[in-house]
Amino acid sequence: MRPFGTTIFTEMSALAARTGAINLGQGFPDTDGPPEMLAAAARALASGANQYPPLAGIPALRHAVAEHEQRFWALTRDPDTEVAVTAGATEAVAAAILALCEPGDEVVCFEPYYDSYAASITLAGAVRRPVTLRPGPDGRYSFDEAELRAAFGARTRLVLLNSPHNPTGKVFTPAELGLVAELCQEHDTWAVTDEVYEHLVFDEAHVPLAGLPGMRERTLRVSSAGKTFSCTGWKVGWVTGPARLVSAVLRVKQFLTFVNAAPLQPAVAVALGLPDSYFTGFTAALRANRDRLSAGLAAAGFDVLPSEGTYFVTADIRPLGGTDGVEFCRQLPGRCGVVAVPTQVFYDHREAGRHLIRFAFCKRAEVIDEAADRLRKLA
């Protein structure tokens, strides 16, 4: 683990705190989640739900996750054997990789990737086989089919897919997902899908890889409460999939955190059962934030790339004379009082992302407007 130092999120958030800059770097909202969920957490705290829950999570939450997947994605799960609660999506992904990979196995992933992916693959003794996402002429990220096919080989153990994708805001198309599914079956590999932004798809529909023909029995699907319900600090996630794969994840999890967030699990169960109006309203609000920040970045002189989902929009710094995202982001608070994150740190092939930085729009409208005003100093 020597190559893995302090995460860029820690560095940039500390920079925001030290300088008083507006933090559009780390992806956490500046508002709380739905009141029904918060009230349920308070009731659970006061009623004694503060001891170890079951390893797989409390039954109410496992049933709520299963019902949620059926309701929104038409995925049928047995809550007793095919659902497990984790300490956020980060633990779910790590436990899945540790459960399924042996030293020397290869993991196909898409870069830029969330930084914990690389660490988890390394902890398992496995090898990354990254496929680069690049902006096309229309600014939308895509990958080269030949590059993806070449990433698969005799040692490929699993594919790690994040859609909607952090940090690019890309939503994988049905055709792209179909190609991934085809290759998984051709090479007899597992898939681990990080879908924490499942309800933040702005222009199309979210399509889980597990719902494609032939993929249910070879896919572990990961999600969490943090993003959908604006409670990133709760760290309540889950993994769903075939019973034998979920069982393997639990065998690892019991030696990581064992269990987590006992009084918060009943509250997340309540949140998952909220009416459709909550989810559509949540998505609409973030879509408006995306448009608001994208307009502000464009006015400041950035070349703004389309964001199809997530909390994030990426921007090209070259129109403003920037050539290195890390240097640009370290100087940005002093220049205008705003913090962003350089995306090059999420690539193995860093040159592909050296000129791109990421901004988070999961903030109140007045915060976005103030940040946009400050960024105009760069123009």
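Analyst: Helices (H or I, at least four residues) and strands (E, at least two) are DSSP runs, numbered from the N terminus. Just after helix 12, G337 takes a positive phi of about 80 degrees. This is a predicted model, in which local features need pLDDT of at least 70 and side-chain atom pairs count only at pLDDT 80 or more, while totals for chains, interfaces and linings use all residues. Residues are numbered from 1 along each chain as its sequence is written, and side-chain values use heavy atoms, with hydrogens and water left out.

User: How do you know that the span of helix 12 agrees with its number of residues?

Analyst: The expected span is 1.5 Å times one less than the number of residues; for the 12 residues of helix 12 (residues 325-336) that gives 16 Å, and the end C-alpha atoms are 16 Å apart, so the two agree.

User: What makes D324 a cap of helix 12?

Analyst: A side-chain oxygen of D324 lies 3.2 Å from the backbone nitrogen of V326, at the N-terminal end of helix 12. A polar contact is a pair of N or O atoms within 3.5 Å, where within protein one must be able to donate a hydrogen and the other to accept it, and residues adjacent in sequence count only if both atoms are side-chain atoms.

User: Why are strand 11 and strand 14 said to stand at the edges?

Analyst: The open sheet of four strands has the order 11-12-15-14, with antiparallel pairing. Strand 11 (303-304) and strand 14 each have a single partner strand, so one side of each is left without a neighbour in the sheet. Two strands pair if DSSP finds at least two bridges between them, and strand 11 and strand 12 (residues 312-316) have two bridges.
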